[in-house]
Amino acid sequence: MGYWGGFFPESSALGPSDLYGVCKQALSLAADALGRMSNMSVAWVRMFLVYGPFDDERRLVPSLVLSMIRQQPAKMTPGEQVRDIVHVEDAASAIWAIARSTHTGPVNVASGVGVKVVDIARTIATIVGRPDLLEVGALPYRSSEPPVFVADTTLLRQTIGWSPRYDLTTGLTQTVAWWRAREAERR
């Protein structure tokens, strides 16, 4: 299975399709080389999709939340893509757990749970209380977008001993509350 479409263990080959991905791959190669050349133990994260407070407003979760809070249409693709999203606080705690561990090499940081984008959007719409503003299918899919992008988090859970604190609904509820407070401050 290729990089653009599936369930990814740490052993999966990287195949970046943009400069951001190339930079992430270069960093992981540098970390690996540093560990081998200096005889140091080095671990590095393979971060999947993170959401939560302070996120870029153009990204999926904040763009949907803000549209609905502002009582504007929340346009999206048909949403059949499957994504693995993890709350920012969980991502931070996973990185800390990896740093405290003796593991070396790459570690996927993600929830390990695939969710359809449309289900993420519908959950947000329910939390905000504006499902009428959700416009599923109003935008086309991007040609470079993989249909499935989910992490295998077996190593993170079993070897590192980490598990997420937030489930999707809890994390999105906290995130919506944060964006609502932020919007109230802007007024």
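Biologist: What does exposed mean when it is said of a residue such as Phe-54?

Modeller: A residue is exposed when its relative accessible area is over 50%, and buried when that value is under 20%. The model here is predicted. Phe-54 has a relative accessible area of 65%, so Phe-54 is exposed.

Biologist: Is Trp-178 buried or exposed?

Modeller: Trp-178 has 18% relative accessibility and therefore counts as buried.

Biologist: How many aromatic pairs are there, and how should I read the one between Phe-54 and Trp-178?

Modeller: Ring centres within 6.5 Å make a pair, and the angle between the planes then gives its class: under 30 degrees is stacked, over 60 is edge-to-face, and the rest are tilted. The count comes to four aromatic pairs. For Phe-54 and Trp-178 the centres are 4.7 Å apart and the planes are at 55 degrees, a tilted pair.

Biologist: Why is the pair of Trp-178 and Trp-179 called edge-to-face?

Modeller: Their ring centres are 4.7 Å apart and the planes stand at 90 degrees, so the pair is edge-to-face. Both Trp-178 and Trp-179 are buried. Elsewhere, Phe-8, Phe-48 and Phe-149 form one aromatic cluster.

Biologist: Which residues touch the most other members of the largest nonpolar core?

Modeller: A core of this kind joins buried nonpolar residues through their side-chain atoms. The largest one has 24 residues, and Leu-64, Met-68, Ile-124 and Leu-134 touch the most other members. Helices α2, α4 (117-128) and α6 each supply at least two residues, and α4 gives the largest share, seven residues. Leaving out residues up to four places away in sequence, Ile-124 touches Val-61, Leu-64, Val-65, Met-68 and Leu-172. A second, separate core has 11 residues, including Ile-98, Val-109, Ile-160 and Trp-162.

Biologist: Why is α2 described as largely enclosed?

Modeller: Eight of its 10 residues are buried, so α2 is largely enclosed by the rest of the structure. Among the buried residues of α2 are Val-61, Pro-62, Leu-64 and Ser-67. The cover over the buried residues of α2 includes β3, β4 (74-75), α4, β9 (134-135) and α6.

Biologist: How should I read the packing of α2 and α6?

Modeller: Start with the angle and the distance between the axes. For α2 and α6 the angle is about 55 degrees and the axes are 10 Å apart. The two helices are therefore oblique to each other, and α2 passes α6 in a right-handed crossing. On the α2 side the contact is made by Val-61, Pro-62, Val-65, Leu-66 and Ile-69, and on the α6 side by Leu-172, Thr-175, Val-176, Trp-179, Arg-180 and Glu-183.

Biologist: Where do positive phi values occur?

Modeller: Most residues other than glycine have a negative phi. Asn-39 is not a glycine, yet its phi is positive, about 60 degrees. Asn-39 lies in the loop between α1 (19-38) and β2 (43-47), and at 74% relative accessibility it counts as exposed. Gln-71, which follows α2, has a positive phi near 60 degrees. Phe-54 also has a positive phi, near 70 degrees, and it lies in the loop between β3 and α2.

Conventions: Residues numbered from 1 in each chain as written. Predicted model: local features only at pLDDT ≥ 70, side-chain atom pairs only at ≥ 80, totals over all residues. Heavy atoms only, no water. Phe/Tyr/Trp six-rings, centres within 6.5 Å; stacked < 30°, edge-to-face > 60°. Buried < 20%, exposed > 50% of the residue type's maximum accessible area, 1.4 Å probe, protein only. Core = buried A, V, L, I, M, F, W, Y, C linked by side-chain atoms within 4.5 Å. Helix = DSSP H or I, 4+ residues; strand = E, 2+ residues; numbered from the N terminus. Contact = heavy atoms within 4.5 Å. Axes fitted to C-alpha atoms, helices over the stretch in contact; angles between N-to-C directions. Parallel < 35°, antiparallel > 145°, perpendicular 65-115°, else oblique. Left-handed = near helix turned anticlockwise from the far one by under 90°.
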